[in-house]
Amino acid sequence: MKLPLYPLLLTAMIACTQQTPETGNPFFTELNAPIDYARVTAAHIDEYANHTLTEVNADIETLKKVNNPTFENVFVAIDNMYNKTYTASNNCFMLYWTSTDSLSREKGLAGYLLLDSLSTSLYSNKEIFEKMKAFEKSEVYSKLKGHRKTFVDDLILKFSLSGVNLESEKLAQFESLTNEIGKLTAEYSNNMNSASETLVLDEKEAEGLPENFKSTYKKEAGKYEVPVINATRDPVMKNAQNEATRKAFFIKFNNRAADKNLTILDNLVQKRHELAKTMGYNSYAEYNLLPKMAKNPETVWAFVNDLVDRATVKAKADIEELKLLKQRENQNPKAELQPWDIAFYNNQILKTKYNVDYEKIREYLPMEQCLQGVFDIYGTLLGLEFRKVENASVWHPSVTMHDVYENGKLKGRIYLDLFPRPNKESWFYGVQLTAGKQMANGYEVPVSMLLGNFTPATSELPPLISFKELNTLFHEFGHIVDAMSYNGELALQADAKTDFIESMSQIFENWVWDYEMLSKFAHHYKTGEVLPRQTFENMVAAKNVSSGYFAINSLRNCIYDMNLYHKYNPQNPVNTDELWCAIDKQMGIMDFYVEGTHPQANWIHINTHPVYYYGYLWAEVYAQDMFTVFERNGLLDTETGMRFRKLILANGTQRDVVEAVEEFLGRPMNNEAYIKSLGLN
């Protein structure tokens with residue numbers, strides 16, 4: 001996921017090129033010099049945020065005095081302000097997500113909110129907007145071409161969607177709602193990340209769990225304390241023989257932070273609706289979708305409903321197969337399949353019908369080997385070199401820093417923060433930290449962070465990741481190389497449209513489904529044996545087991561997201577629990593919702609990325625179609641990789657994405673490869 005932040009909340013994080021204050025604050029460095037994160041304190045974060053606020057406010061006042069608007073003194077100036085603001089904002093937010101120091105997390109959040117309000121006021125500034133519109137009427141504008149013409153048009157739209165055309169009273173309401181929404185999303189995230197749930201099991205309750213997993217969480221003879229987090233979900237839900245164990249974990253996992261976040265979510269949905277109405281739109285989805293590829297809710301609903309129609313028959317068959325297996329194994333023809341059974345019996349089919357045991361496959365996937373495989377494959381394909389920086393200054397000892405080069409020239413920098421720890425953000429992101437931008441004194445290279453919560457090492461084992469986590473690693477590193485590929489003039493053009501951005505990471509998941517690629521690094525952690533080809537062929541044969549169900553599960557989330565933000569009725573606000581039930585009834589496949597659980601209380605997307613979930617499937621259609629070019633030319637064909645990097649990864653929003661995709665494909669795109677990938681054709 002690129003939250004990108006991939007974004008979502010974050011878009012840039014690097015040192016500024018302004019003069020260093022006398023305090024020696026580590027955030028203020030020379031161009032492209034790394035930040036001395038190990039030395040950062042809460043006071044540094046606070047000073048940095050306030051210093052940036054003061055500096056950008058001064059820049060705003062300078063811009064307001066411009067008499068003869070030009071591309072440079074208005075539009076480049078705004079891009080400079082954007083870069084400064086989000087650089088500081090994202091440093092603050094990153095440390096709120098990752099710091100082990102509670103005061104630094106507190107100051108990080110405060111700094112982010114402070115600068116977020118600055119961003120809101122910038123994009124709704126009428127005096128600046130008038131200068132933009134004056135330039136739009138000039139002869140110079142009429143002659144603009146390429147990325148500069150696109151930039152002007154996109155920035156005018158961005159200002160328009162930020163309330164700049166509102167009367168003063170409504171503009172104040174817009175800014176107030178934006179600030180309130182920012183505070184609520186931060187509070188929701190904090191509650192989710194600080195939730196601490198543990199499942200205590202005895203030997204009988206732990207039956208079926210992998211021995212290595214059990215040894216990690218063993219507390220005393222016959223007792224295990226399993227934290228209820230993303231990293232433990234699959235091992236428990238796929239392997240626990242005891243149904244009561246699966247049910248207990250399922251309920252705890254889907255109730256994290258529910259005591260606080262259900263109310264916050266209600267407020268978020270209400271305030272986002274109010275914001276959209278303030279802007280003159282009928283729903284928040286209508287407002288939110290305007291700058292995206294889909295452009296409007298009707299397009300999203302048509303896209304989602306078409307996929308529901310295609311996946312429903314297979315999904316019903318998948319659920320029936322799982323139910324029959326449960327009935328056979330329990331010798332009870334009346335046994336009902338429950339939501340906490342799905343992962344377990346799906347795994348049973350893989351093991352018994354296809355001889356695929358993903359816990360055994362984990363032994364071939366030590367993180368260090370997988371990372372090297374990532375570096376080798378992406379490096380060969382895209383012409384990049386990843387050099388680890390020894391003794392780098394980072395915010396936690398487990399974090400590593402790598403400089404990225406092309407032909408000996410620095411192209412960017414990445415940080416890898418891969419394993420869970422208390423109070424750290426609990427999901428997986430390829431986070432674009434610095435966008436990349438032409439500065440007066442040189443090019444500011446992109447900087448990104450891969451934030452993960454992969455299976456950690458134990459006292460007896462290195463970190464052995466699951467095949468699913470390997471997919472995630474390749475996916476998130478796709479976001480990383482997407483960011484590293486940008487070399488455009490303007491920071492605001494670094495990110496692609498949000499409903500396309502996932503395609504540039506989803507496409508790389510295909511590489512782990514090729515034996516030639518996988519065998520380069522999938523070697524047993526003890527013996528060095530390469531993952532057997534027969535095992536891989538079994539995995540391929542089983543790839544579409546329950547594919548209909550998994551497609552429907554994603555579509556269910558899309559429908560939930562769209563209902564919240566497109567069909568909200570302030571006179572009769574939706575009960576966010578009852579909405580799950582209504583969707584299940586509408587789909588007619590199975591009652592997936594479990595009474596008394598609240599998965600919407602710990603679901604990052606509807607909090608920080610509303611009207612986003614459909615974008616995963618939307619982007620997947622593009623990803624699978626673009627992958628056909630690699631299938632034809634070779635998965636390590638550097639010429640194809642470099643074309644992909646330059647046409648797609650490096651593009652951002654410098655040119656129309658459909659035009660860029662069609663140039664890469666050599667034809668109009670279609671969804672045939674996507675449908676085939678799900679086994680639905």
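This is a predicted model: local features need pLDDT of at least 70, side-chain atom pairs count only at pLDDT 80 or more; totals for chains, interfaces and linings use all residues.
## Helix 13

Helix 13 covers residues 297-329, and its 33 residues reach 44 Å from the first C-alpha to the last, which is close to the 48 Å expected at 1.5 Å a residue. Along its course the helix bends by about 45° at Ala311.

The N-terminal end of helix 13 is capped by Asn296, which places a side-chain oxygen 3.2 Å from the backbone nitrogen of Glu298. After the helix comes Gln331, a residue whose phi is positive, near 50°.

## A buried asparagine

Asn83 belongs to helix 2, which runs over residues 71-98, and it is buried, with a relative accessible area of 4%. The side chain of Asn83 makes a polar contact of 2.9 Å with the side chain of Glu444.

## Aromatic pairs

Across the whole structure, a search finds 53 aromatic pairs. In one of them, the ring centres of Phe71 and Phe151 are 6.2 Å apart and the planes stand at 70°, so the pair is edge-to-face. Because Phe71 lies in helix 2 and Phe151 in helix 6 (residues 146-160), this pair ties together parts that are 80 residues apart in sequence. Both Phe71 and Phe151 are buried.

Phe249 and Phe253, by contrast, form a stacked pair, with 6.0 Å from centre to centre and 15° between the planes. These two residues are 4 residues apart in helix 10 (residues 243-253), so about one helical turn separates them, and Phe249 and Phe253 are both buried.

## Charges over rings

Arg246 lies over the face of Phe344, at 4.2 Å from the ring centre, while Arg387 lies over the face of Tyr405, at 3.8 Å from the ring centre.

Methods:
Residues are numbered from 1 along each chain as its sequence is written. Side-chain values use heavy atoms; hydrogens and water are left out. The expected span of a helix is 1.5 Å times one less than its number of residues. The bend at a residue is the angle between axes fitted to the seven residues ending there and the seven starting there. A polar contact is a pair of N or O atoms within 3.5 Å; within protein, one must be able to donate a hydrogen and the other to accept it, and residues adjacent in sequence count only if both atoms are side-chain atoms. Buried means under 20% relative accessible area, exposed over 50%, partly exposed in between (1.4 Å probe, protein chains only). Rings of Phe, Tyr and Trp (its six-membered ring) pair if their centres lie within 6.5 Å; planes under 30 degrees apart count as stacked, over 60 as edge-to-face and the rest as tilted. A charge sits over a ring if NZ of Lys or CZ of Arg is within 6 Å of the ring centre and within 35 degrees of the ring normal.
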